[in-house]
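Please examine the sequence and the structure before reading each solution.

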Amino acid sequence: MEFKNITMKNNIDKDYKITIFWNVEDVLSLDDTLTTDQCIEVLEKAENNHDANHGISWDTLSWYIDDVKEEVNLNQQI
């Protein structure tokens, strides 16, 4: 009987998940000159392109903020 309980517990543990959230306010705390759309673009870039070995950190968001701002500057020059 005890063995059966341990097996059930192991099955439940395999389904256990955590979620980490980053939001627009987090991005704005690093650069409050961005628009909401630009913040969303930063978050989308971080989600789609981050290194899975390191996750998403404040440095990751800063990197993509610079990327988005560079794109804006390039578009303004055209």
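**Exercise 1.** Determine how the side chains of Glu 71 and Lys 45 meet, and which parts of the chain the pair ties together.

*Solution.* Step 1: Glu 71 and Lys 45 form a salt bridge at 2.9 Å, N to O; the term denotes a side-chain nitrogen of Lys or Arg within 4 Å of a carboxyl oxygen of Asp or Glu. Step 2: Because Glu 71 belongs to helix 4 and Lys 45 to helix 3, the pair ties together parts 26 residues apart in sequence. Helices here are DSSP runs (H or I, at least four residues), numbered from the N terminus.

The model is predicted: local features need pLDDT of at least 70, side-chain atom pairs count only at pLDDT 80 or more, and totals for chains, interfaces and linings use all residues. Residues are numbered from 1 along each chain as its sequence is written, and side-chain values use heavy atoms, with hydrogens and water left out.

**Exercise 2.** Identify the network of salt bridges to which Lys 45 belongs, and classify its members by accessibility.

*Solution.* Step 1: A second salt bridge joins Lys 45 to Asp 67 (3.0 Å, N to O). This pair spans 22 residues, from helix 3 to helix 4. Step 3: Lys 45 counts as buried because its relative accessibility is 17%, where buried means under 20% relative accessible area, exposed over 50%, and partly exposed in between (1.4 Å probe, protein chains only). Asp 67, at 26%, is partly exposed, and Glu 71, at 28%, is partly exposed.

**Exercise 3.** Which residue meets Asp 31 in a salt bridge, and where do the two lie?

*Solution.* Step 1: The partner of Asp 31 is Lys 69, at 2.7 Å, N to O. Step 2: Asp 31 lies in the loop between helix 2 and helix 3 (36-49), while Lys 69 lies in helix 4 (residues 58-77), 38 residues apart. Step 3: With 11% relative accessibility, Asp 31 counts as buried; Lys 69, with 33%, counts as partly exposed. In total, the structure holds 3 salt bridges.

**Exercise 4.** Is Ile 20 buried or exposed, and where is its place?

*Solution.* Step 1: Ile 20 has a relative accessibility of 63% and therefore counts as exposed. Step 2: Ile 20 is situated in the loop between helix 1 (2-14) and helix 2 (24-30).
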